[in-house]
Amino acid sequence: MSEIKVASRYAKSLIDLAVENNALEASYNDMVLFEKVVDETPELEAILKNPIVPLDKKTGILNGIFADKVSKLTISFFKIVVNKGRSAILFATAKQFVQQYNLIKGIVTADVTTASALSPAAKEQIIAIVKRELNANQVIVNEKINEKLIGGFILKVGDKQFDASIASGLSKLRKEFAQ
């Protein structure tokens, strides 16, 4: 079974447990924190994925880093996953948890690439369009700047992409003239 499938099942279990304990928001914040810490400390992910490191050491490391920062439910979850020999998928599980949480809450992430920074009005307009088109409750906009676009934007939500950049238009025009 692929790592993502296993991580998705563990994430679903944690979501169910968190809902049962009225701790969904706390668990979400814990998983976001865990993701951030692992992103910033690749050594932690290497330790969790290393089969040579004893399980009790992995548990001790996670306790040392997160015991006073996350809920008891999350620490217990970490211990269970590590003791089952699945510490390698903890990072993927955190990512899956965030994705599943966003799906439950109707939160959509939109990646917008522009030639220059978005104005607040343009950002609001994009949020309104994505909310309307995808029936989302909330839209998180991740902005990226790529000066090669010249102007316009590229909007990516999930597996859908809308390219309204000038560079793309020029490229299409070049292809038409080449024919």
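I started at Asp111, which is partly exposed at a relative accessible area of 21%. My terms here: buried is under 20% relative accessible area, exposed is over 50%, and partly exposed lies in between, with a 1.4 Å probe and protein chains only. I am working on a predicted model, where local features need pLDDT of at least 70 and side-chain atom pairs count only at pLDDT 80 or more, while totals for chains, interfaces and linings use all residues. Residues are numbered from 1 along each chain as its sequence is written, and side-chain values use heavy atoms, with hydrogens and water left out.

**Strand 1**

I placed Asp111 in strand 1, residues 107-114. Helices (H or I, at least four residues) and strands (E, at least two) are DSSP runs, numbered from the N terminus. Setting aside residues up to four places away in sequence, I found Asp111 touching Asn142, Lys144, Ile154, Leu155 and Lys156; contact means heavy atoms within 4.5 Å. I also checked Asp111 against Arg86: they are 25 residues apart in sequence and 31 Å apart in space, C-alpha to C-alpha.

Next I went to Thr113, also in strand 1. Is Thr113 buried or exposed? Thr113 counts as buried, at 17% relative accessibility. Beyond residues up to four places away in sequence, Thr113 touches Lys144, Asn146, Leu149, Gly152, Phe153 and Ile154.

I looked up Leu55 in helix 4 and found it partly exposed, with a relative accessible area of 34%. Its contacts, leaving aside neighbours within four places in sequence, are Val82, Asn83 and Gly85.

Gln100 sits in helix 6 and counts as buried at 14% relative accessibility. Leaving aside neighbours within four places in sequence, I found Gln100 in contact with Ser8, Ala11, Lys12 and Ile15.

**The cores**

Which residues touch the most other members of the largest nonpolar core? Of its 32 residues, I noted Phe34, Leu62, Phe66, Phe78, Leu90 and Phe97. A nonpolar core is a set of buried Ala, Val, Leu, Ile, Met, Phe, Trp, Tyr and Cys residues joined through side-chain atoms within 4.5 Å. The elements giving two or more residues to this core are helix 1 (3-20), helix 2 (24-40), helix 3 (42-49), helix 4 (55-66), helix 5 (72-83) and helix 6 (90-105). I then followed Phe78, which touches Met31, Phe34, Leu62, Phe66 and Leu90, not counting residues up to four places away in sequence. A second, separate core has twelve residues, among them Val112, Ala136, Val141 and Leu155.

**The whole chain**

I listed eight helices and four strands in the protein, running α-α-α-α-α-α-β-α-β-β-β-α from the N terminus on. The radius of gyration is 21 Å, well over the 16 Å that the globule rule gives for 179 residues, so the protein is more spread out than a compact globule. That radius is taken over C-alpha atoms, and the rule is 2.2 Å times the number of residues to the power 0.38. I read the span of the C-alpha trace along its principal axes as about 65 × 35 × 30 Å.

Buried residues make up 37% of the 179 residues. Of the contacts with a separation of 6 or more, 67% come from residues 24 or more positions apart.
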